[in-house]
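Notebook open, structure loaded. I'm jotting down what I look up as I go.

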Amino acid sequence: MTLRERITHWVELTQATKYTTAILSVVVFWGLIDNWDNEGCLSIAEYALLATTQAMFCCLLTQNRNKTIRIIGYTFITFLCLFSFITIVCYHFWQWGINSRLIYIVTETNSNEAIEFIQTITEQMPSFFGSWHFVGLVVAIIIVSVLVHFTSDKIYGNIAIATFGVGIVCSISYIAINIQNRTNISLLLRVPCRIVAYFYDMQGYEEKEYIYNNQHDISLITSAQLADVVVMIIGESSNPTHWSLYGYKLNTTPQLDKMASDIAIYTDVIPSYGTTAMALRNMLFTYNTSTTDKLWHETIDIISLMKNSGYQTAWISNQGIVGNHGYTKLISDRADYCIYIGAITDNDNTMKMYDLQTKPYIVDFLEENKKSFVIVHTLGSHIIYSRRYPSDFDIFTSADIQNNNLTYWQKRTVAEYDNSILYTDNVIASTISVLQADTTHTTLLLYLSDHSEDVYDTSTNYYGHATRPNQQIHIPMIIWANDKYKQQNPTIWNNLLQNANKAYNSENVIHTIMGTTGTNYQWYNAQQDLSSDSFCVQHRYFEEKLFD
């Protein structure tokens, strides 16, 4: 077959698949939305060319005489459509598509979390189908299909072959420049590359653990142990704008409201990420997004730090154990005492336990150890909100939510979220009462949430993790100390109060814990310590982007 005959044959093939190619081109282009949205016209045109080339290539494969090649073509088309849909949905809700974090979330979750997450997203799909992300896709498909329909086969075939030729050259050169950072041109490249990168990272986990376990000179750690007992409660998905302690109209934190004069209440705190694993990594390691050039496994975690400061350490969790890897698993395994309370009966029931069921384990540990550092990892306000509290705390109803823009069911969701905050208030207050009962030791309690939650606060179409900068990402954070601690450390307590309204990032909380306990190590930074005279406001990063 001569070159002319081959080109003629290709033109005929493109003509035979022109409607499929047109629709698939738009779908593939929309699947790259996290790359081209908010970009200039040149970038958009570039991704349109790349998307059209991919679609045409797959459709040409389906016309091959070889059955195996045809199957490969249809397989590519299926995965392109699937990956594109997932990307568009993710981008609509969280402003990012299929990336390494999504792979991490999928592989490191448990069955209950996955089921509750799918249920939540399913409930919100009507808002997605009414968004420009989906409506724009449908409109674009219609417009492109009409244009193709009114274009003669001959003209279409010539344009298609020319576009395909240019697209192939651009794709090859685009990838050749830097293949590692150019996989975003195709979801067929991006997804497997992200999966391979994840498993490669997991395979290297043992090596990272070895580095982590053998690099710290713990003899350099010193501590005055200013607080005999420190309890750190890590909340989940808690938004301060739903706390009456922060001015919310409903009385969601009645017990803490009564203690307000005895608590340092921090009003401008953000996490470093909008998802649990990444936020906790930065919170519980001396790793810091903005001020360190070290990797997380080259720094030290809060449990190891306090353990080698002379404290007996405990990790008491109401969240499930997820696999053998992960930042929290690495940290919790280092504690002198570690328990995941849901795992006592059946790990699959972990998500069904209530946070106050951690209290007996806290009490028992504190009775046996007078120099104690305890982390309590709660479920807090994790989706699904109505499952986070017992019936006694089902106080607020849809009638209490005064927002005429919300439907009955949306108001009920907000009410259930507020009830979960009410229960969190009780969990914190109950833990404080345990510490108050001990009048012979200096005791300290710190509460903060891993990340925030958007419960129809910025849109009537969404509730779930808040990941959009400047939109409902602030988290609640409070510090309580008993009278004996305040009397013995008046300067520290005064500093904690004086800095309560200053901008702060939760990834620096490890420095505040070191300051309040008089612990010193090579990575301690007084400028990131709320209890220090030297504290100053730092640049804050959220999702690795400068926040303010």
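**Entry 1: two helices, α2 and α4**

I started with a helix pair: T20, T21, L24, S25, V28 and F29 in α2 meet I44, Y47, A48, A51, T52, Q54, A55, M56, C58 and C59 in α4. By contact I mean heavy atoms within 4.5 Å. I sorted the residues of this α2–α4 contact by class and got eleven nonpolar, five polar and no charged. My classes: Ala, Val, Leu, Ile, Met, Phe, Trp, Tyr, Cys and Pro are nonpolar, Asp, Glu, Lys and Arg are charged, and the others, Gly among them, are polar.

Before going on, a note on what I'm looking at: this is a predicted model, where local features need pLDDT of at least 70 and side-chain atom pairs count only at pLDDT 80 or more, while totals for chains, interfaces and linings use all residues. Residues are numbered from 1 along each chain as its sequence is written, and side-chain values use heavy atoms, with hydrogens and water left out.

Next I checked the geometry of the pair. Helix α2 covers residues 18–31 and helix α4 residues 41–61; their axes come within 8 Å and cross at roughly 135 degrees. That angle makes α2 oblique to α4. For the record, angles under 35 degrees count as roughly parallel, over 145 as roughly antiparallel, 65 to 115 as roughly perpendicular and the rest as oblique. The axes are lines fitted to C-alpha atoms, for helices over the stretch in contact, with angles from 0 to 180 degrees between N-to-C directions. The crossing of α2 past α4 is right-handed, that is, the near helix is turned clockwise from the far one by less than a right angle.

**Entry 2: the whole chain**

I stepped back for the totals. The protein chain has 20 helices and 14 strands. These are DSSP runs numbered from the N terminus, with helices (H or I) of at least four residues and strands (E) of at least two. Of its 548 residues, 54% count as buried; buried is under 20% relative accessible area, exposed over 50%, partly exposed in between (1.4 Å probe, protein chains only). Among contacts in the chain with a separation of 6 or more, 75% come from residues 24 or more positions apart.

**Entry 3: β2 and its sheet**

In what order do the strands of the open sheet of eight run? I read β5-β4-β6-β2-β7-β10-β3-β11, with mixed pairing. The edge strands are β5 (337–340) and β11 (504–505), each pairing on one side only. Strands pair here if DSSP finds at least two bridges between them.

I then went through β2 (residues 229–235), where seven of seven residues are buried. Both faces are covered, with V229, V231, I233 and G235 on one side and V230, M232 and I234 on the other. β2 runs parallel to β6 (residues 372–377), joined by six bridges, and V231 has V374 as its bridge partner there. With β7 (residues 443–449) β2 is again parallel, over seven bridges; V230 is partnered by L444.

From β7 to β10 (residues 475–481) the sense is antiparallel, over five bridges, and L448 stands opposite M477.

**Entry 4: α17 and α16**

I followed α17 (residues 408–436) across β2, β7 and β10, and found it running at about 165 degrees to β7. α16 (residues 359–368) packs with α17 at about 20 degrees, axes 11 Å apart. The two helices are therefore roughly parallel to each other. Their crossing is right-handed. I listed K359, I362, V363 and L366 from α16 against S430, T431, S433, V434 and L435 from α17. That contact has five nonpolar, three polar and one charged residues.

Is T87 buried or exposed? It counts as buried, because its relative accessibility is 0%. T87 is in α5 (residues 67–94) and touches G31, I33, D34, W96, G97, I98 and L187, leaving out residues up to four places away in sequence.

T276 sits in α13 (residues 276–284) and counts as buried at 18%. Beyond four places in sequence, T276 touches E236, D450 and H451.

Last, N505 in β11, buried at 2% relative accessibility. With residues up to four places away not counted, N505 touches I270, P271, S272, R540 and Y541. I also noted that N505 and M283 are 222 residues apart in sequence and 8.9 Å apart in space, C-alpha to C-alpha.
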